[in-house]
Amino acid sequence: MKQIESIKEFGGWLNRYQHGSESCRCDMTFSVYLPPRAATEKVPAVYWLSGLTCTDDNVRTKAGAQRYAAELGIALVMPDTSPRGDEVADEPERYDLGQGAGFYVTATQSPWSQHYRMYDYVTRELPALIEAELPVIPGVKSITGHSMGGHGALICALKEPGAYRSVSAFSPICHPTVCGWGEGCFSAYLGKDIETWKAYDATELIKAGASGMPLLIDQGTGDEFLADQLYPADLQAACEKRGIPLPLRMQEGYDHSYHFIATFIGEHLAYHATALRK
């Protein structure tokens with residue numbers, strides 16, 4: 001783990017690191033914001049998973065999250081969205097498959113299975129590294145994300161009971177087995193058997209009996225991907241059938257961009273801070 005950047009913000013430090021990943025079998029980059037409180041004590045962490053085409057840089061420069069994290073005394077952990085490098089399989093002509101589009105699964109199909117193991121990386125390797133090397137409280141973490149990263153946050157929380165205190169999402173891909181983005185990535189990374197895809201689909205996990213937990217979703221009504229890619233109503237229906245509370249806040253007029261995220265990120269971090277303090 002090598003620190004490659006450090007910027008002071010709101011009394012804390014926005015740091016960037018690189019390390020050789022055993023899960024992804026390549027060098028991975030991630031950012032961490034450490035609030036002022038982390039200078040004297042360990043703090044809880046919120047993991048942010050970004051969407052298609054993003055790196056760790058998008059959220060740390062566009063969301064305005066560090067101000068709230070400093071006030072709340074929580075660390076922000078911001079990984080990349082996929083393995084990267086010349087040796088890593090890619091589809092350069094596509095934005096929705098390959099590098100920048102890891103979809104937070106552990107791939108089983110060649111050539112993707114050699115490096116595309118983002119689920120293992122996000123849920124196991126990265127937290128272990130963070131908790132060993134940085135002033136964060138072991139095991140006290142929450143998770144959130146946007147779009148593909150919102151999908152990632154939901155499945156990580158549903159598939160790892162007890163690992164996270166709370167989960168939230170902005171414009172998540174709620175039912176990827178029935179949308180174009182999900183079908184494209186899942187067929188490449190996981191193969192043609194749709195039944196295997198359901199293990200990485202929040203709606204299907206709820207249908208299959210996954211435990212509910214504190215959950216918050218914000219979705220803009222002006223989101224250009226709402227009708228064809230995101231399907232929040234499917235997740236809401238699955239939760240209602242199971243009696244799982246799902247605060248799905250349809251925010252009038254907001255789109256899919258970081259303008260939307262920046263508007264509500266403070267509320268999401270406050271929501272997680274409350275859960276992390278319990």
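Predicted model: local features only at pLDDT ≥ 70, side-chain atom pairs only at ≥ 80, totals over all residues.
Is aspartate 96 buried or exposed?

View 1. Aspartate 96 counts as buried, because its relative accessibility is 14% and the cut-off for a buried residue is under 20%. The residue is located in the loop that runs between strand S5 (75–79) and helix H3 (118–133). Its side chain makes a polar contact of 3.1 Å with the side chain of arginine 94. When residues up to four places away in sequence are not counted, aspartate 96 touches Leu52, Ala101, Trp181 and Cys185.

**View 2. The salt bridge between arginine 84 and aspartate 80.** Side chains of opposite charge can pair when their charged atoms come close. The structure holds 12 salt bridges, and one of them links arginine 84 with aspartate 80. The closest N and O atoms of this pair are 2.6 Å apart. Aspartate 80 has a relative accessibility of 5% and is therefore classed as buried. Arginine 84, at 26% relative accessibility, counts as partly exposed.

**View 3. The salt bridge between arginine 124 and glutamate 160.** The side chains of arginine 124 and glutamate 160 form a salt bridge, with an N to O distance of 3.2 Å. Arginine 124 belongs to helix H3, whereas glutamate 160 lies in the loop between helix H4 (148–159) and strand S7 (167–170), so the pair ties together parts that are 36 residues apart in sequence. The two partners fall into separate accessibility classes: arginine 124 is partly exposed, with a relative accessible area of 45%, while glutamate 160 counts as buried at 18% relative accessibility.

View 4. Lysine 207 and glutamate 204 meet through their side chains in a salt bridge of 3.6 Å, taken from N to O. Both residues lie in helix H7 (residues 202–207), where they are three residues apart, about one turn of the helix. Glutamate 204 counts as buried because its relative accessibility is 13%.

Notes: Residues numbered from 1 in each chain as written. Heavy atoms only, no water. Helix = DSSP H or I, 4+ residues; strand = E, 2+ residues; numbered from the N terminus. Buried < 20%, exposed > 50% of the residue type's maximum accessible area, 1.4 Å probe, protein only. Polar contact = N/O pair within 3.5 Å; in protein donor to acceptor, adjacent residues only side chain to side chain. Contact = heavy atoms within 4.5 Å. Salt bridge = Lys/Arg side-chain N within 4 Å of Asp/Glu carboxyl O.
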